[in-house]
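The sequence and the structure are shown first, and the description follows.

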Amino acid sequence: MKNQKNVVLITGATSGMGKETALLLAQNGYTVYAGARSQESGRELEQAADNLGVSLNSIILDVCDNESINKAIETIQQQAGRIDGLINNAGFGLVATVEDGTDEEFMKQFDVNVFGVFRMCRAVLPVMRAQKSGVIINVSSFLGEMGLPLLTHYNASKYAVEGITESLRYEVAPFGIRVNSVLPGLFKTNFVNKGLVVNESTMAENSPYKKLVSHFVPIVAEKINEGPSPVAVANAVKSVLENDNALISTPVGVEAETFLPMAKQMIAEDFEQKVKETFTL
């Protein structure tokens with residue numbers, strides 16, 4: 001996708017990686033529709049863009065609500081006449097053991113992270129197919145290709161996103177549509193405060209998993225709170241958008257760039273041991 005006047009829709013665009021991506025693309029000439037779940041957060045994003053001397057369009061969008069999705073797609077078509085890029089960025093992480101995770105919790109995890117991707121792709125594909133062009137980028141995670149404790153539900157959802165990416169590519173390639181994923185490591189975002197949902201039983205003082213929780217959760221929180229700027233993820237998304245020969249899955253950040261090549265090179269048991277050593281599990 002070479003023309004930088006293309007129309008791009010980003011889900012979950014009001015904070016973290018989504019916000020940085022929306023602002024970067026707006027600064028580079030894209031017509032950006034930034035998905036927001038509230039008018040207030042949308043206005044804040046528009047103000048942030050205005051402060052940079054550029055403009056973008058916030059649009060109410062809930063990836064768990066088909067009516068919201070269809071209305072957003074219809075609005076973009078009416079205003080811009082096309083949709084050249086879809087960036088599936090909306091998501092959150094559940095911190096819970098498998099033993100403690102409730103039906104409500106893990107259904108919500110998949111509703112946003114996986115079914116939301118399905119809903120968005122289903123809604124935008126007829127538009128792209130009619131255009132005979134389009135790019136879909138799924139913002140996954142390095143945890144879409146490796147496991148970590150207490151994040152099993154999140155891991156599973158991101159593994160699913162990788163499966164969607166790899167399979168959908170075959171279906172839509174004949175229509176000139178490209179599908180890729182970006183797999184970030186741990187970056188300095190609001191993910192700890194806004195992007196994580198915690199199971200109370202897992203975090204309880206009397207939990208049989210207390211030793212693991214008290215050791216591992218602070219490690220992950222510190223890596224996020226003290227991590228690098230998510231601008232690197234935004235740059236990766238822009239690069240994938242503009243490169244027709246981009247990798248199917250692009251790792252971004254220390255964890256992704258360290259562990260994912262390692263996972264491909266080592267047998268599973270050796271890789272698991274390396275992860276245990278790194279995180280002192």
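The mean positions of the 24 positive and 32 negative charges of the protein chain lie 6 Å apart. In this count Lys and Arg are positive and Asp and Glu negative, while His and the chain ends are left out. Each charge is placed at NZ of Lys, CZ of Arg, CG of Asp or CD of Glu.

The model is a predicted one, in which local features need pLDDT of at least 70 and side-chain atom pairs count only at pLDDT 80 or more, whereas totals for chains, interfaces and linings use all residues. Residues are numbered from 1 along each chain as its sequence is written, and side-chain values use heavy atoms, with hydrogens and water left out.

**Overall form**

The protein chain contains eleven helices and nine strands; these are DSSP runs numbered from the N terminus, with helices (H or I) of at least four residues and strands (E) of at least two. For 281 residues, a compact globule would have a radius of gyration near 19 Å, and the 19 Å of the protein chain agrees with this. That radius is taken over C-alpha atoms, and the globule rule is 2.2 Å times the number of residues to the power 0.38. Along the principal axes, the C-alpha atoms fill a box of roughly 55 × 40 × 35 Å.

Of the 281 residues, 50% are buried (buried means under 20% relative accessible area, exposed over 50%, and partly exposed in between, with a 1.4 Å probe and protein chains only). The protein chain exposes about 13500 Å², of which carbon and sulfur atoms supply 50%. Among contacts (heavy atoms within 4.5 Å) between residues at least 6 apart in sequence, 74% join residues at least 24 apart.

**Individual residues**

Val8 belongs to strand 1, residues 7-10, and is buried with a relative accessible area of 0%. Val8 and Ile136 are 128 residues apart in sequence, yet their C-alpha atoms are 9.6 Å apart in space.

His153 is part of helix 5, residues 152-172, and counts as buried at 9% relative accessibility. Beyond its neighbours within four places in sequence, His153 has contacts that include Leu94, Phe106 and Phe110.

Lys132 occupies the loop between helix 4 (103-131) and strand 6 (134-139). Although Lys132 is not a glycine, its phi is positive, at about 65°; at 64% relative accessibility, Lys132 counts as exposed. Thr280, in the segment after helix 11, is likewise not a glycine and has a positive phi of about 45°.

**Aromatic pairs**

The whole structure holds four aromatic pairs. Rings of Phe, Tyr and Trp (its six-membered ring) pair if their centres lie within 6.5 Å; planes under 30 degrees apart are stacked, over 60 edge-to-face, and the rest tilted. Two of the pairs are set out below.

| Pair | Type | Centre to centre | Angle between planes |
|---|---|---|---|
| Phe259 and Phe271 | edge-to-face | 6.2 Å | 85° |
| Phe259 and Phe279 | stacked | 6.0 Å | 20° |

Phe259 lies in helix 10 (residues 254-265) and Phe271 in helix 11 (residues 268-278), so their pair ties together parts twelve residues apart in sequence. Phe271 is buried, with a relative accessible area of 10%. Together, Phe216, Phe259, Phe271 and Phe279 form one aromatic cluster.

Definitions and conventions. Accessible areas come from the Shrake-Rupley method with a 1.4 Å probe; for residues, only the protein chains shown count as cover.
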